[in-house]
Amino acid sequence: MKFFFKTGLFLPVLIGVLITSSCARFNGSNHKITLKCGAEKLAKDKKHFVAENNPDYLFTGGLYQSSREAHSGKYSVLATKKHPFVFSTTLKGIGPDQFFKVTVWRKSNSPRGTLVVAGKTTKMLYKATSTPIKKDKNGWEKLEINVFTPPNFVSEDVKFYCWLNKSDSTWFDDFKIVNTEKKYPVYKEDPLVIVLDTSDYNKFIDKRIKAFNAGVLQTESNDWVKGILFGNGRMMKAKLRLKGDWLDHLIGDKWSFRIKMRKDYAWNRLRVFSIQTPFARGFLYEWYSHQLYISRDILTTRYGFTPVLMGEKSKGLYAWEEHFVKQLVEYRQRREGPILKFSEDAFWQIQRVAKATDHWPRLPFYNCSVIEPFSQGKTMKNPVLHREFLIASKLLNQYKYKKGKPSDVFDLPRLAKYFAMLDITHARHGMAWHNQRFYYNPVICKLEPIAYDGFTDHPDIDYSINDNMAWQLLIGKKEIPENYNFYYLFEDTAFVNLYLNYLEDFSSKSFAESMTRQLAQQTNYFDSLIRKEFPLAKFDRQFLAKSTKAVRNYLPELKKALAEKIANNTLHTHVTPENRTDSTTSFNTPSFYVTAYLEQRYQDSVIIGVHNFFGKKIKLLGTGSKKRFIQNFFPKPLFINAYEKGDNGVIKLVTSEPGNPWLFFQVEGTDDLFSVAVNPWPYPKGITPQQELTALADFKQSPAIDTIIGKNIILKKGLTTLNSHLIIPKGYNLFIKPGTHINLIKHAMIISYSPVTIKGTKANPVVISSSDGTGNGFTVLQAGKRSVMEYVQFEKMNTLNYKGWTLSGSVTFYESDVDINRALFKDNGCEDALNIVRSHFTLKNSRFSGTWGDAFDSDFGTGLVDNVLFTNIGNDAIDFSGSHIKIINSTINGAEDKGVSGGEDSHLIVENTTISNANIGLASKDLSSLTVDNSVVKQCNYGLVLLQKKPEYGPATMNLSKVKITDTKTPMLIEKGSKVVFNGKTIKGNKKKVAEMFY
């Protein structure tokens with residue numbers, strides 16, 4: 001084991017481990033035993049075999065002792081169709097979490113001979129295998145089962161036996177049962193070490209037993225415990241809880257955890273993540289599919305493998321995966337926005353009831369699922385995220401009930417790209433409705449899917465056309481809506497055409513060969529780690545080649561079938577609706593099938609919308625500030641009829657006092673009191689601001705339009721005062737000629753989904769301004785082709801701000817490459833005068849002055865800034881995040897905050913540039929690097945500042961050559977860990993918590 005701890009750190013940890021280990025509770029039998037039976041020794045009754053190493057234990061099958069075949073010794077036992085069960089024995093009084101390693105050798109012409117370990121009821125314990133782990137030269141095959149008893153075992157019986165499952169006669173020999181401690185391999189790689197206090201460890205034990213009793217893990221807000229992690233060479237504080245809905249995440253002593261790093265800490269640049277056995281995600285297949293998503297910019301979680309120690313004890317190899325927090329989207333170069341899901345509580349409640357009653361209740365778990373955000377507390381407290389979530393939930397509700405065109409709800413190319421890649425990876429476990437995750441892109445006001453959780457256990461891959469989703473839904477089998485809630489996407493021609501284009505691209509031979517080559521080294525490395533603990537784990541290195549070849553082979557047939565359906569307007573899926581109106585009240589079920597939303601908030605009252613999805617009439621009694629007590633009784637009980645069918649349930653609006661987030665009710669025919677939390681947002685109905693603008697704006701009727709020739713739109717020359725929105729759809733080209741002046745008043749805006757060509761002249765520049773200061777910006781979104789702007793002036797503009805859809809730039813380019821030359825940005829009153837996001841640009845010979853906020857802000861961009869003058873800037877002159885930029889021949893004179901700032905892993909080159917009269921001349925933060933040559937920083941409060949603001953990043957660097965820093969109050973402020981190389985000399989930082997001085 002390669003330890004990286006200093007002795008002073010490790011000793012306290014070791015003490016903590018010993019405390020945890022010695023105080024851990026254990027119930028039931030803890031005896032260890034090994035039994036061997038080679039079919040050699042018969043009991044006196046001739047019906048049983050005697051264990052070779054313990055005469056107290058007998059095994060069935062003595063009557064079928066055979067000398068025809070033997071793996072060792074002279075005899076084996078012969079199982080036949082008439083006598084299929086042999087080597088059966090029962091161990092009594094077995095307690096919880098006992099580990100058994102059971103092996104037997106088999107010889108047969110068929111692989112149906114099975115090794116089985118079972119409890120008194122198969123619900124409690126059942127594991128079987130007929131897959132051999134090895135074969136000898138004489139044709140004998142070894143079967144092996146490794147199994148833990150459940151944690152809720154209390155002095156139970158466990159049966160071990162061999163079974164001939166509908167096959168030819170089979171010989172079994174050398175049956176062995178070992179009850180021992182599970183041993184995990186020790187890895188040379190640096191581990192993630194988890195240390196828990198004894199009481200917290202015992203809390204996990206209690207929670208785990210409850211989960212096994214219920215049949216599923218139902219998490220609660222009070223499940224979290226404090227812990228200490230060691231990793232990345234440091235000690236870190238964290239919070240942990242058990243995770244995973246199904247019990248495979250909690251079997252034995254290798255549990256799955258959700259981990260939240262405390263303030264100022266990150267592990268592998270992650271703030272919130274999960275760890276689980278690689279077995280739960282198909283071993284290497286999940287990681288491999290993530291790499292394919294990343295290669296085509298499909299939004300996905302970070303995923304990898306690490307050894308894990310619980311205290312000093314190895315738990316083997318774990319798969320780690322990023323959770324759904326803002327770092328996920330920022331790392332993938334998206335702007336922060338809410339991440340949404342459908343609540344799963346009602347769905348898992350059905351599993352709990354079914355487990356306890358052997359009855360599967362028919363309840364509308366899909367319809368009653370609430371659309372909710374991850375990081376709910378933060379989202380509700382942050383006004384921007386709150387507004388964005390309200391918009392996002394409307395989009396997801398449209399998707400849930402097929403009420404919006406896919407292109408109105410989703411970033412359609414990315415959605416199609418995702419579904420096409422799913423047909424390559426076959427990683428579709430994440431497409432179950434309750435596993436789906438969506439990112440709301442606040443720039444384009446649409447949703448984007450997040451790929452994750454594609455596999456369970458061992459993937460069984462079907463490479464035929466029958467596994468293709470479009471084929472299944474449009475030509476093949478029928479499905480109920482909630483199983484394939486995305487089916488309606490394949491009824492949309494635009495989506496299907498994009499999907500087929502991407503499917504053809506991803507199935508190309510060159511794609512498979514390129515990705516296989518790129519991933520070969522990592523594939524071999526991770527496969528070796530996995531096989532050290534899981535020697536039977538198999539990853540087919542030809543998986544991608546086989547999958548892409550199969551798609552290439554069936555793609556012509558699929559295209560033909562879909563083309564015929566499109567031509568005949570028969571692009572319809574097969575859906576079987578279901579009636580779900582069960583009314584069981586056991587296990588608090590009604591609380592999961594009544595939902596409530598805070599519809600209106602007034603100073604002295606609130607309006608709550610109550611949706612009944614339960615199959616009986618309910619009576620609303622009142623509200624309260626806590627889950628158990630009614631504090632505000634309604635003047636008289638309010639009744640809501642039983643649910644029969646429909647998307648939204650049976651709805652009633654009620655008035656209550658503010659500050660009571662719990663609603664109380666009774667079910668007709670019972671006296672039980674039920675409660676449900678009131679969601680602190682309204683039910684998501686209606687359309688979004690982007691959809692509303694698109695519906696209202698008919699660009700062909702705009703007074704700003706001069707002519708439309710084919711797909712070319714030309715604006716009028718001269719002055720046009722525009723008090724209505726001009727929105728150019730995708731597929732056009734917008735031309736603005738010299739001498740054009742657009743005056744945006746009364747919050748009017750220009751949005752183009754097509755490339756823009758502005759060709760002003762020095763004598764006749766193009767002017768886009770707002771005389772009343774309300775102009776809602778000039779915005780270009782996903783234009784598809786490069787825009788060009790020359791001799792253009794943007795004056796007194798604000799930014800797009802329409803009913804919660806808010807951008808930051810008076811001029812914005814998003815995923816739209818642009819060349820800007822000889823532009824003037826003057827007196828613009830918003831966060832950024834120019835904001836370029838996820839685009840390549842050139843900005844030359846231009847000026848920024850009188851800007852209220854930042855002058856030029858680029859997120860995740862690449863480009864060149866050449867000969868640009870910045871004067872009288874209200875915040876940062878140049879602020880780049882996650883970008884690769886070259887800045888040359890430019891001048892910054894007067895910036896209230898920073899002259900040039902690189903953040904969030906930006907890499908900037910600055911040459912022949914002068915920065916003066918700024919608070920900070922040059923700033924580098926959060927893994928960013930600035931290379932500055934032949935430049936001047938003068939008359940600033942701080943010449944250079946280097947710091948780490950976000951724990952998921954790291955220190956900053958700056959390399960300066962021929963740089964003069966003069967007349968500054970503080971020439972350099974360098975945080976510990978960051979460094980400056982000044983004319984070849986390294987200067988390391990020694991300051992602490994520099995970020996707190998500026999943020």
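Residues are numbered from 1 along each chain as its sequence is written, and side-chain values use heavy atoms, with hydrogens and water left out. Because the model is predicted, local features need pLDDT of at least 70 and side-chain atom pairs count only at pLDDT 80 or more, while totals for chains, interfaces and linings use all residues.

Helices (H or I, at least four residues) and strands (E, at least two) are DSSP runs, numbered from the N terminus, and two strands pair if DSSP finds at least two bridges between them. Four strands, in the order E6-E12-E8-E9, make up this antiparallel sheet. Strand E6 (85-94) and strand E9 (126-129) form its edges, each pairing on one side only. Neighbouring strands are turned by 10° against each other on average, direction ignored; axes here are lines fitted to C-alpha atoms, for helices over the stretch in contact, and angles run from 0 to 180 degrees between N-to-C directions. Within the sheet, strand E8 (residues 113-119) meets E9 over four bridges in the antiparallel sense, with Val-116 opposite Ala-128 of E9.

A barrel comes next. Seven strands close it in the order E14-E15-E16-E17-E18-E20-E19, with mixed pairing, and the twist from one strand to the next averages 40°. Four bridges hold strand E14 (residues 192-196) and strand E15 (residues 225-231) in an antiparallel pair, where Ile-194 has Leu-229 of E15 as its bridge partner. Helix H2 (residues 198-214) lies across E14, E15, strand E16 (234-242), strand E17 (257-261) and E19, and runs at about 25° to E16. Helix H12 also packs on the sheet, touching E19 and E20, and its direction makes about 135° with that of E20. Contact in these descriptions means heavy atoms within 4.5 Å.

Helix H3 (residues 284-295) also touches E19 and E20 through its buried residues. H3 has twelve residues and reaches 17 Å from its first C-alpha to its last, close to the 16 Å expected at 1.5 Å a residue; the expected span is 1.5 Å times one less than the number of residues. Ten of the twelve residues are buried, so H3 is largely enclosed by the rest of the structure. Buried means under 20% relative accessible area, exposed over 50%, and partly exposed in between (1.4 Å probe, protein chains only). Among the buried residues are Glu-286, Trp-287, His-290 and Tyr-293. Besides strand E19 (303-310) and strand E20 (313-322), the buried residues of H3 pack against helix H9 (412-425), helix H12 (509-533) and helix H13 (543-567). Just after H3, Asp-297 takes a positive phi of about 55°.

Rings of Phe, Tyr and Trp (its six-membered ring) pair if their centres lie within 6.5 Å, and planes under 30 degrees apart count as stacked, over 60 as edge-to-face and the rest as tilted. By this rule the count comes to 63 aromatic pairs. In one of them, the rings of Phe-324 and Phe-374 have centres 5.0 Å apart and planes at 35°, so the pair is tilted. These residues lie 50 residues apart, with Phe-324 in the loop between E20 and helix H4 (326-331) and Phe-374 in the loop between strand E22 (371-373) and helix H6 (376-381). Both are buried. Tyr-399 and Tyr-488 form another tilted pair, since their centres are 6.3 Å apart and their planes stand at 45°. This pair links helix H7 (residues 383-400), which holds Tyr-399, to the loop between helix H10 (469-474) and helix H11 (493-506), which holds Tyr-488, 89 residues apart. Tyr-399 and Tyr-488 are buried. Ring pairs also build a cluster whose members include Tyr-285, Trp-287, Tyr-288, Tyr-303, Phe-305 and Tyr-525.

Charged side chains sit over rings as well, a label given if NZ of Lys or CZ of Arg is within 6 Å of the ring centre and within 35 degrees of the ring normal. Lys-159 lies over the face of Tyr-161, at 5.6 Å from the ring centre, and Arg-302 lies over that of Tyr-331, at 4.0 Å.

Finally, strand E53 (residues 891-903) is mostly covered, with ten of its 13 residues buried. E53 runs parallel to strand E50 (residues 862-873), joined by four bridges, and Ile-873 stands opposite Ala-895 of E53. Eight bridges pair E53 with strand E55 (residues 914-925), again in the parallel sense.
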